[in-house]
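Good morning, and thank you for joining this meeting.

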Amino acid sequence: MSYEHEDDMMEEGDEGPQAVQELASAMVPDNLKAMRACKRCGILKTFNQFVDQGCENCPFLGMDDTRQVNRCTTPFFEGATAVMDPRDSWAAKWIRVDAFLPGVYAIVVTGQFDQEMQE
């Protein structure tokens, strides 16, 4: 396979490994019927995925037990979009997840943190 602009490919190669690494670490929900959304960033995963791995965009929330996952996530959201390259995706910019990692995100998340969590 040859490229017309091999020089351009070399320049893009500098950013390529980082983008590939981020994409490889993207988590997708393993069950579409039991998805929950992080109340802060809107990433969609199952309850068990949040317990096992937490939220890669919000590690400071400390979702390492079921109680904390219940406080920081919600099953109430509208729509979903898969974002492969958040920096270049117009959809990611539209739902304001362009600064986050690749993954599946809710279009609209319903729910807020309780007063204790906000502080």
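How many disulfides does a search of the whole structure find? The search finds zero, where a disulfide is a pair of cysteine sulfur atoms within 2.5 Å. In general terms, a disulfide is a covalent bond between the sulfur atoms of two cysteines. For Cys38, the closest cysteine sulfur belongs to Cys41 and lies 3.8 Å away, which is too far for a bond. Cys72 is likewise in no disulfide, the nearest cysteine sulfur being that of Cys38, 6.9 Å away.

Before going further, some words on the basis of these values. This is a predicted model, in which local features need pLDDT of at least 70 and side-chain atom pairs count only at pLDDT 80 or more, while totals for chains, interfaces and linings use all residues. Residues are numbered from 1 along each chain as its sequence is written, and side-chain values use heavy atoms, with hydrogens and water left out.

The term pLDDT denotes the predictor's confidence in each residue, from 0 to 100. The protein chain has a mean pLDDT of 80, and 74% of its residues reach 70 or more. Over residues 1-13, pLDDT stays under 50, and the model has one contact beyond four places in sequence for them; contact here means heavy atoms within 4.5 Å. Where pLDDT is low, the predicted coordinates should not be read in detail.

Is Cys38 buried or exposed? Cys38 counts as buried, at 0% relative accessibility; buried means under 20% relative accessible area, exposed over 50%, and partly exposed in between, with a 1.4 Å probe and protein chains only. Cys72 is also buried, with a relative accessible area of 0%. Beyond residues up to four places away in sequence, Cys38 touches a set of residues including Phe50, Cys55, Met63, Cys72 and Val109.

The largest nonpolar core has 17 residues, and Cys38, Cys55 and Met63 have the most contacts inside it. Such a core is a set of buried Ala, Val, Leu, Ile, Met, Phe, Trp, Tyr and Cys residues joined through side-chain atoms within 4.5 Å. A second, separate core has five residues, among them Ala37, Leu44, Val104 and Ala106. In soluble globular proteins, nonpolar side chains tend to be buried together.

I turn now to the sheet. Three strands form an open, antiparallel sheet in the order β2-β1-β3. Strands are DSSP runs of E with at least two residues, helices are runs of H or I with at least four, and both are numbered from the N terminus; two strands pair if DSSP finds at least two bridges between them. Because β2 (44-46) and β3 (73-74) each have a single partner strand, they stand at the edges, and one side of each is left without a neighbour in the sheet.

Strand β1, residues 35-38, pairs with β2 over three bridges and with β3 over two bridges. Ala37 has Leu44 as its bridge partner in β2 and Thr74 as its bridge partner in β3. Met35 stands opposite Thr46 in β2. From β1, Met35 and Ala37 point one way and Arg36 and Cys38 the other, and all are buried. The hairpin of β1 and β2 has five residues between the strands, and Gly42 in its turn has a positive phi of about 85°.

Which side chains meet in a salt bridge? They are those of Lys45 and Glu56, at 2.7 Å from N to O, and the search of the whole structure finds one salt bridge. The term requires a side-chain nitrogen of Lys or Arg within 4 Å of a carboxyl oxygen of Asp or Glu. Lys45 lies in strand β2 and Glu56 in the loop between α3 (47-53) and α4 (66-72), so the pair ties together parts that are 11 residues apart in sequence. Lys45 is buried, at 0% relative accessible area, whereas Glu56 is partly exposed, at 23%.

Finally, the loop between α5 (90-94) and β5 (103-109) holds Arg96. Arg96 counts as exposed, at 70% relative accessibility. Although Arg96 is not a glycine, it has a positive phi of about 60°.
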